[in-house]
Each structure stands twice: as structure tokens, then as C-alpha cells.
Amino acid sequence: IFDTGSSWLWTSMEGCNCSGISGPELATSDITSWVPLGKTEKIGYGSGTAKGQLGTVTAYFSETVSVTGQHVIMMEEAQMVQSPTSGIFGLSHRYGSDNYDTIIYELFNQGKISTMVFTVALRPDDSKPNSGSYITIGEVSYDETLSGQEYYWVPLKDTGVYRYYYSFDVGRFAIGGVELLNYIGIADTGTSLLAVPEEFLNNLSDSFESSYTCDMEDGTIVCDCSGTSEFPNLTVQIGTQEWTIDPSYYINYISGGQCQILVEQSPPGGILILGDVFLRNMVVAFDLSNQQIGFASNVKQTAPQVKPVVTGHTGGELSASGLYMSFLTILACLIFA
């Protein structure tokens, strides 16, 4: 999974004692460029933990695009929430990978891209070539997804814990009358839901229970779906720009005529995580070189999908100045040799 909320590149090793992940396992004996560094790394995620051997490899995006000496963790143990992947492609700052250069830095350092920027568009796959979610590495995308829009740019936070993430000021985050003002949020493609401070979640639960047929179950708000058209919009203000998102995007239909509100409690510290519920409505440019992030409305977006988008690409395609890849995919798109 391409993850802007983490930094490490990792995949599962052959014989991995792994729970909750799926997909191919790699044998280090089959990777001729593998150089073990004699160090074990343990990584914690909101969905679990993983531990493995740190080493370097030559990583190929395609026949013509590769990086040498790329740090990667070959996972020996993992306890994760069920995931349709055998690895994570960390896209955040190198602070989160013990200051080892992440793959974005290596692509830049080795002259494969001219600037450390990448663009992400999450959208449903309508079964046409290149129509699903995608990432463009090395350039700011201006395709038909934007319909002539310009990005709205804001600076990234670069101090304290916030420098580990793509974090920025959020002027207002609200669902109906429940709101956060002047908060710091992060854009995280590795988080499916919206993650909010405990107080906000409790207030939202109280608001929904008083207005609709809803209850809090195991930290999640579950409602009778018959009134979904009456649920309030999600409003997110970043800088002077405000986006209003239809409630259908934060609802997941489950069994028994019920629906789940896709809002969860954030980890300790109370950070606001703008996950895929928000990002599916955006095209987002992550600019490491200039320490800024740009947002534009995703005009190609249609009705939300309950399941994640997995497109059929298995390799990279080099554009005029960047690398185009499908977004959510098994790590077979990246070849270690």
C-alpha cells in the first residue's frame, strides 16, 4: 500500500510469522542485490506491529526506472488488522525511518526525478485503463481529474512530532454542529477512516444518538441507514479554502440495514487524521522539496465505494518528468532484484 503516513518500505519475507496480511512472500536468497545490515527494525502502526531485518536492495519500478541501495525491511513477524497486501510503500519524511533515505529521496538523489514531489488521486475504478486511483512520482499532476483547477497550497509543519507526517493547519473540521477549530491535521493515505480526538468522537456520538437512531459500538458509531440522507455534511477548512463533503462519503453500509460512521478515535496525542474518507474527494500534491502540500477537488470522483480500489497495473510508467503508478496494489509493482 502506498502510505503517506509512514516512511519505511517493507515486504514480508518467506516464512514470515505474519497475521493479518496477505500476498507474496519474498526469499532474500532470490534477491541478488540484498545486503543485510545486521539490524532489526520494529514498526508500530495504528493497525498493528511488524518486525524484520533491515537491508538494502536494488528496487525496480519498471525496466528503465530503478534505484540502488534502497533500504527495505524484510518482515519476519507481523500482527496486523486484515489487509490485502504483503507490504507498505512508505512515502512520508525520512525522520520516520531513522533518517535512512526513503524511496522518494533515493529517486531524487539518483537523478530519477527532478523534484521530491508526488501526486495522489483516490477514486473508484470504472474498469477503464488508468481510470482508478493513481500516484504520480516526480511531478504535480494536472490531468483531467482537476478539470482546470489550480492546487491550493499550504506549508507543512516541520517541528516536533509533526515533522514525521504531512501535517498542516486545519482551521475548521466539522460534522454538523460538532467541530474542531484551529487544529493540526495530517493527510494519510494509509488510514481509511477519519481519526479524531476522543472528545470530538464522544460529542459526535452524542449528537448522532440524539438526532438519529445510532449507538456507539466498540468505538464506532453505528446507525439505522434509513436516515442517511439527513446526516450532516463534513466540512474541512484548510487555510482560507473550505471543502464540503456529502455524508455518503463517511458512511459504510453493513449488514442488517445498518451503516457505520467512518470516524474513529485517533492515537494518543489527539492528532486529526484526514484519511481516505476525505482524500477520495481530493487530488493531493505532496511536495517534500518545498515543504508544502496542495489540495484540489477531485472532479472525477463519483459515488463512494465500500471496498478499496485495486487496479490492474503491475509496473511503473515514466511520463515526461515523473513516474506513474496505480495506487493501491500488491507490492508486485516494485521488484527487488
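I take a salt bridge to be a side-chain nitrogen of Lys or Arg within 4 Å of a carboxyl oxygen of Asp or Glu. By that rule E179 and R172 form a salt bridge, with their closest N and O atoms 2.7 Å apart.

**Basis.** I worked from a predicted model, in which local features need pLDDT of at least 70, side-chain atom pairs count only at pLDDT 80 or more, and totals for chains, interfaces and linings use all residues. Residues are numbered from 1 along each chain as its sequence is written, and side-chain values use heavy atoms, with hydrogens and water left out.

**Entry 1, overall.** I looked up the secondary structure, taking helices (H or I, at least four residues) and strands (E, at least two) as DSSP runs numbered from the N terminus. The chain has three helices and 25 strands. For burial I used relative accessible area: buried is under 20%, exposed is over 50%, and partly exposed lies in between (1.4 Å probe, protein chains only). Of the 337 residues, 54% count as buried. I then examined contacts, meaning heavy atoms within 4.5 Å. Among those between residues at least 6 apart in sequence, 64% join residues at least 24 apart.

I found six salt bridges in the whole structure. K39 and D98 meet in one of them, at 3.7 Å from N to O. K39 is in strand 3 (residues 35–45), whereas D98 is in the loop between strand 6 (87–90) and helix 1 (103–109), 59 residues apart. K39 is partly exposed at 33% relative accessible area, and D98 is partly exposed at 42%. K51 and E77 also form a salt bridge, again listed at 3.7 Å from N to O. K51 lies in strand 4 (residues 48–60) and E77 in strand 5, so this pair ties together parts 26 residues apart in sequence. Returning to the opening pair, I noted E179 as partly exposed at 36% and R172 as partly exposed at 23%. Shared partners join K39, E41 and D98 into one network of salt bridges.

I counted a disulfide wherever two cysteine sulfur atoms lie within 2.5 Å. The count is one disulfide, which joins C214 to C223 with an S to S distance of 2.1 Å. The link of C214 and C223 is right-handed, with 110° about the S-S bond, and both residues are buried. C225 is buried at 13% relative accessibility, and C259 is buried at 0%.

I took a nonpolar core as a set of buried Ala, Val, Leu, Ile, Met, Phe, Trp, Tyr and Cys residues joined through side-chain atoms within 4.5 Å. The largest has 70 residues, of which F173, F208, F278, I293 and F295 touch the most other members. Apart from that core lies another, of eleven residues, among them W8, C16, I43 and A78. A78 is in strand 5 (residues 66–83) and is buried at 2% relative accessible area. The C-alpha atoms of A78 and G48 are separated by 7.6 Å, although the two are 30 residues apart along the chain.
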